[in-house]
There are 2 protein chains.
Amino acid sequence: MNAFPTTRLAQMANAIRALSMDAVQAANSGHPGMPMGMADVATVLWAKHMKFDPAAPGWADRDRFILSAGHGSMLLYSLLHLTGFEDMTLDQIKQFRQLDSLTPGHPEYGHTVGVEATTGPLGQGISMSVGFALAERMLNARYGDGLVDHRTWVIASDGDLQEGISHEAISLAGHLKLNRLCVLWDDNEISIDGPTNLSESTDTLKRFEAAGWAVSRVDGHDIDAVDAAITAAKTSDRPVLIACRTTIGYGAPTKAGTAGSHGAPLGAEEIAGTRKALGWSHGPFEIPDDIYADWRSAAASDAHAAWCDRLSASDLAGEFVSQLSGDAGEAERAALTAWRLQVAADRPDLASRVASSKALAAIIGDWPGLVGGSADLTGSNLTKTPDVGVVSAESYAGQYIHFGIREHGMAACANGIALHGGFRAHVATFLVFADYCRPAMRLSSLMQQPVIYVLTHDSIGLGEDGPTHQPVETLASLRAIPNMHVYRPADALETAEAWEMALMRLDGPSVLALSRQTLPFLRDDGGEENRSSRGAYILRDTTGEPDIILVATGSEVGLAVDAAAQLAETGIAARVVSAPCIDLFLEQGRRYRDEILPPGVPCIGVEAALRYGWDALIGSDGDFVGMTGFGASAPAGQLYELFGITADAIVEKARKRLSR
Amino acid sequence: MNAFPTTRLAQMANAIRALSMDAVQAANSGHPGMPMGMADVATVLWAKHMKFDPAAPGWADRDRFILSAGHGSMLLYSLLHLTGFEDMTLDQIKQFRQLDSLTPGHPEYGHTVGVEATTGPLGQGISMSVGFALAERMLNARYGDGLVDHRTWVIASDGDLQEGISHEAISLAGHLKLNRLCVLWDDNEISIDGPTNLSESTDTLKRFEAAGWAVSRVDGHDIDAVDAAITAAKTSDRPVLIACRTTIGYGAPTKAGTAGSHGAPLGAEEIAGTRKALGWSHGPFEIPDDIYADWRSAAASDAHAAWCDRLSASDLAGEFVSQLSGDAGEAERAALTAWRLQVAADRPDLASRVASSKALAAIIGDWPGLVGGSADLTGSNLTKTPDVGVVSAESYAGQYIHFGIREHGMAACANGIALHGGFRAHVATFLVFADYCRPAMRLSSLMQQPVIYVLTHDSIGLGEDGPTHQPVETLASLRAIPNMHVYRPADALETAEAWEMALMRLDGPSVLALSRQTLPFLRDDGGEENRSSRGAYILRDTTGEPDIILVATGSEVGLAVDAAAQLAETGIAARVVSAPCIDLFLEQGRRYRDEILPPGVPCIGVEAALRYGWDALIGSDGDFVGMTGFGASAPAGQLYELFGITADAIVEKARKRLSR
């Protein structure tokens, strides 16, 4: 690695401080304190230890750097600029927090090259980093040290560590002995409200040790000490926490060490004083050529070229590149199609969670990059397929992860796995506990990561566990998230289709909401076409124009079919529309939507959930058969009766409507 | 305390085991393993240490027992039955998990007397218990040991401790030195997936020590050891964790110690074997009289009577009873009305978060039972009013709590404070971080607890922090929760009204979604009536019938008013409806709703958020001016332009609509 003298590194760090305070000042908003406090640590890391190539930001074997404390985004932007990431020009730095700049308030994955993960919501970065570190080990187990041998570095704040998700993440990382994960904690003893001791008395080193981490403490402004700690971290057999005691806003004459430097511009006078204190005599946004030269030389390395040579020489090169691409290959696609056709032929009556399990079992042999797990509901979610290997500290070669009762950490871990590349991740819990995953699910959507959420026990149909476990508002709350596709399949074939859609999707997450209870097989079309692909379709039509349309999802589609049959006996022509993915349906063109739900024909929505959001399909004058509040504890059949979600209730609503 | 011989206590514990396994078997679903494993610990606690009076379940100074591992509900129901809670008859036990029974799958507050909190979603109970323990200390600080001197006991499972929220809760409890909180951890080394070491390697005792807790470990079937540990816990100066090493399904010949006893009936044969192993020769649901007698004698105590005497003799009795009632007194009501009238007279242009701050400041002197805090966003949420005292381990007398960056734990703590009684709790963070609080918010709604969520920075109007911090789907996701009232006030007067509504509400939670940016004062009516009370109302009307109606909330109401003025100039009569609480409006009768939004008049909804859920107001053929996806990082004004949320855009939509 590069051998810069300590004094030189200190000047390189000052470049970060200067850019950060100048950019925040120009934007008149932002967070100068953290970049200024962690500049020394970041400089040691990026100049002496990180393996990366600014000319090849997507290099598969690069070290990953996650700025969990995303509000300190100017730290990352400064590093990208100084090390020579092409897009990150000085103009972009000057445009910090402005519209269309590459330097938004918080780092955004997919928006800015070199940003590995969108961060800002605290705790997410450190938790995604566990997924990164796990993906690295899983890929290493498949392709060996020659192709996969990198580290995940995290800068985390007090807030990241106070958030509950950090507990789930660090205990999982400790359990899995992810020793290539290193968290540099910005231990500056300051949070927004003031000194951290206003709300915090935890012995953080002891806490991490309890979770199975190696820990050390350094003065974050002692460059040699930081260097030594990072060097030591690279030989650990466990994940590593380095507590870096820093001064927030380091260098600012009156605001350093105070909450005053955390989240607001320092002001012209304070900035002038900082320049003086740091011995930084250059103007705003002015970086001397020799500092640029040092940073560029620090970023230069032949590691990437050597790796490329190893890849070229490897027997596994083709497979590796293909797995990294993330796209489904021919075998994967063929497996999905074959399974769809087989289900259509077999016509099994199955709980959709069971249908999901069979779909996974049928395809997983052809999807080596498909990994996933459950938050301690393996026997309920049914995503552990027969003969699949379990990922553990002893072997990372498996495809199933026991996440423990850590829904939020699990979802963030899946985001990390997806962002890392090489794997598609599915994670599972009960639908109602999507609430526990929600901040991470929002990030899946925002970062356009194709994480698959398998959420079973999707209604009062779960029965006796009662209202704490029965989702009623959960489907609505998930459909409301932009870019989240929520599937609620009606039978085994729609379940196969949902898996196919979710796995073929590359630009966003999918939810599979699945029933605990058995559902009748409903489809007669042979499965040649994935009918779920347009979100909703006509499952049972009338011969002429329909008098009324029954729009249902999941376990209630069968009820709608029964109701339509009853209505037909009394001369009422009811079309049944199955809507496995309302989000996708609403994205279809007006023509298709009007074909399925012709304007003017009255609609009845049927779903064992709240009406909230349904008016977009059925109109505000439409009728709805579903829930109006929380559920109750009783056998499922009794609950459907109690809450009036039955074929009879649909028939009655239809008759009433048509007699108006 | 009662001095039962150890052997007798073991028999009393066996009664819990027998009832639990029999009830689960009869229901053909449920969780026998935990009650059977923790029966000894629970017996020692309830028979020898807990202060309670089955005849007065609401006694203010009773110890609180929180079954965080709510799936083990039969443990609690057995205890309530055996100790003589009147409603908990043997018939109710036999009706376990059946419709309308008092013995639902998970304990439900408000449904079953003796259940202090609804539990089941893991981590919530232990986190609410921190609120209980804090409320006790806060009440003690006001009324002294004579009236307030009780403890909070928790039984928690591995799952409770794996959940991230537990980290937030225990670190807050440790920081606040809540020494009257004792967690009995059911350390049975089994979770649903199998042995806990499938996913867990944490040194839990060390973890709790790091959080500032006193810890000990006992054999959970050694009654004397458990007794000693609990006795010692009562003298601790810190919260206490007792790790109780137990055998799940204790007594079951083949299933004890395995995941097989966790969540399913044992089966007739295994139950017979258990009876034999335990030396319990009685039939199903049969408890011998002498066991009943012992349990009743254990529950008998003169502590309640003595406390009543102290209350009668206390100068503070009136005040105490009044504060405990939870209802607003005359002074509180008067303060709210006075503030509403003053704001109406002053007509200030204020960010609604500032208006909220002033409202709180104006009334808090008359609301001694009003406490709250922020998740480290005190200066942003503005709920810390001048001169208010801060709650700390040194003094619990204040009204403001620095919760730290622990949104989820904060919300659960607020639930605990509300359930405990004596206080009204408000908690604050950014609106987008409601996602972090969501499982606890759902419980506020389900338990009908009037927690007030002050959620500021409620739209793209927060500007440069970008899409991670800008809620777009959050309002919809909260409105979707049954019994949650979501207010988004348009000006300072509506903000005062929202606080008034939220504080006068006793049967459920409220959200106040507040702007970062300044909002113009809009109301001309003098504030005599709380116009927000019906959810939506006509803010600006036309002289004749309106051509079109603009329905807006919060920061966009001002835009609608401007648009209506522009439209008036071109001869289009636009009514402006302000809808500060859509939930409340949709609960109004058809007559009122039709008066505000007459059928047939086209509507345009205006809200800087997604349309999701709005069709219920504006019809699926209504127009909408708002967001269609995630936000962006830039100054707020530019974002409103970028996303087309402007008076001009409303005017254009209205013209287009009327020219169709």
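I began with helix H15 of chain B, residues 352-363, in this predicted model. At 1.5 Å a residue, its twelve residues should span 16 Å, and I found the end C-alpha atoms 16 Å apart, so the two values agree. I then listed the buried residues of H15(B), which are B:Ser352, B:Arg353, B:Ala355, B:Ser356, B:Ser357, B:Ala359, B:Leu360 and B:Ile363. I noted beside this that an α-helix has 3.6 residues a turn, so residues three or four places apart point the same way.

Next I looked up the cysteines. A disulfide is a covalent bond between the sulfur atoms of two cysteines. I counted zero disulfides over all chains. A:Cys437 is in none, and the nearest cysteine sulfur, in A:Cys413, is 12 Å away. A:Cys437 is buried, at 2% relative accessible area. For B:Cys244, the closest cysteine sulfur is that of B:Cys182, at 8.1 Å; a disulfide needs the sulfurs within 2.5 Å, so this pair is too far apart for a bond. B:Cys244 is also buried, with 0% relative accessibility.

Last I turned to a sheet in chain A. Five strands form an open sheet with mixed pairing, in the order E16-E18-E17-E19-E20. Strands E16 (537-540) and E20 (623-626) each have a single partner strand, so each has one side without a neighbour in the sheet. From one strand to the next, the twist averages 30 degrees. I followed E17 (residues 548-552) to E19 (residues 603-607): the two run parallel and are joined by four bridges. Here A:Ile549 stands opposite A:Cys603 of E19(A). Helix H26 (residues 647-658) of chain A packs on the sheet and touches E17, E19 and E20. The direction of H26 makes about 170 degrees with that of E20(A).

Conventions. Residues numbered from 1 in each chain as written. Chains lettered and ligands numbered in written order. Predicted model: local features only at pLDDT ≥ 70, side-chain atom pairs only at ≥ 80, totals over all residues. Heavy atoms only, no water. Buried < 20%, exposed > 50% of the residue type's maximum accessible area, 1.4 Å probe, protein only. Expected span 1.5 Å × (residues − 1). Pairing = 2+ DSSP bridges. Axes fitted to C-alpha atoms, helices over the stretch in contact; angles between N-to-C directions. Contact = heavy atoms within 4.5 Å.
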